Amino acid sequence: MPDDRSLITVITGAGIGIPRGLLGGAVEDLAAALMDDAATGEQIALLTTAAAAAHWEQMRAPVEAALRRAAAMAPVEDDAAYAEALLHTDDPDPDNPLARLLAAQAAAALAAARSRAQERLAALDAALGVAGSRGREAASEAVGAMAVDLLDLDPEDYEPEITAFVGAGQTDTAQADLARQTSDPDVRALAREALGTLDADPPAAAEAVAALAAGAPPDDPAEDAVWVATIMALAEEAIALALAADPATDRPSA
């Protein structure tokens, strides 16, 4: 059977991973353990088993399809690694190396995102003490960046809407249109849920973010402070990527 390095190579080449929006409590528990210096190897192994069991049945078919697509385009020297990885997709038992690796990688990515969120919360804690609008602006920027990271959102998934937003001059009206056109009730709810579970020391920033994310999203996405901050963070990322690809292009004015 392939070792973890071989499996990592093929799943990376195939772009395979458990979507952040599908992660349940088992992966979240594993992520928390990975962030806990007191967690033992035995505890992490047991949590990995539980996380794999929670997702393998749902992931088997899409993982197999992605592996087969990638294998068809992969170099000949990778054929054996893909063939061995595909053997695991025939195994309904989640306690196999591929299922465990997918669960472990999903938890590690979530743990890393939560660590970055804690760093942003620490920076935000200082900004909240600043008088005037800067504290509110810093809070909005932090909320958007954390939601994008915690949900692993990609600006490419919103490219047409962001392009229209930039073309409309990035006005307040264009921002409201962008929020409404990109709104997905499930994603908006997930963003609030993810932000509401963060903690930090000192706790002031985490409490402020949790309060902002509390409750159900408003009916109008343009009135949803969490989603507006999130989609604006994605728009800023898309604009930065476009500028990096073509440095001669002037940044669209707000």
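**Figure 1. Overall view of the predicted protein chain.** From the N terminus on, the elements of the protein chain follow the order α-α-α-α-α-α-α-α-α-α-α, which amounts to eleven helices and zero strands; helices (H or I, at least four residues) and strands (E, at least two) are DSSP runs, numbered from the N terminus. This is a predicted model, in which local features need pLDDT of at least 70 and side-chain atom pairs count only at pLDDT 80 or more, while totals for chains, interfaces and linings use all residues. Residues are numbered from 1 along each chain as its sequence is written, and side-chain values use heavy atoms, with hydrogens and water left out. Taken along the principal axes, the C-alpha atoms of the protein chain fill a box of roughly 60 × 45 × 35 Å, and 37% of the 254 residues are buried, meaning under 20% relative accessible area with a 1.4 Å probe and protein chains only.

**Figure 2. Confidence along the protein chain.** The mean pLDDT, the predictor's confidence in each residue on a scale from 0 to 100, is 88 for the protein chain, and 93% of the residues score at least 70. Confidence is lowest in H10, with a mean of 84, and highest in H8, at 96.

**Figure 3. Close-up of the largest nonpolar core.** This core, a set of buried Ala, Val, Leu, Ile, Met, Phe, Trp, Tyr and Cys residues joined through side-chain atoms within 4.5 Å, has 38 residues, and those with the most contacts inside it are Leu121, Leu124, Met146, Leu150, Leu153 and Leu195. Among the elements that give two or more residues to this core are helix H5 (97–127), helix H6 (134–151) and helix H9 (185–196), and the largest share, nine residues, comes from H6.

**Figure 4. Close-up of the surroundings of Leu195.** Not counting residues up to four places away in sequence, Leu195 touches Val143, Met146, Ala147, Leu150, Val209, Ala210, Ala213 and Val226, where contact means heavy atoms within 4.5 Å.

**Figure 5. Close-up of the contact of H7 with H11.** The axes of H7 and H11, lines fitted to C-alpha atoms over the stretch in contact, come within 10 Å and cross at roughly 80°. That angle makes H7 roughly perpendicular to H11, a term that covers 65 to 115 degrees. Ile162, Phe165 and Val166 in H7 meet Met232, Leu234, Ala235, Ala238 and Ile239 in H11. The residues of this contact divide into eight nonpolar, no polar and no charged, with Ala, Val, Leu, Ile, Met, Phe, Trp, Tyr, Cys and Pro counted as nonpolar.

Note on methods: Buried < 20%, exposed > 50% of the residue type's maximum accessible area, 1.4 Å probe, protein only. Axes fitted to C-alpha atoms, helices over the stretch in contact; angles between N-to-C directions. Parallel < 35°, antiparallel > 145°, perpendicular 65-115°, else oblique.
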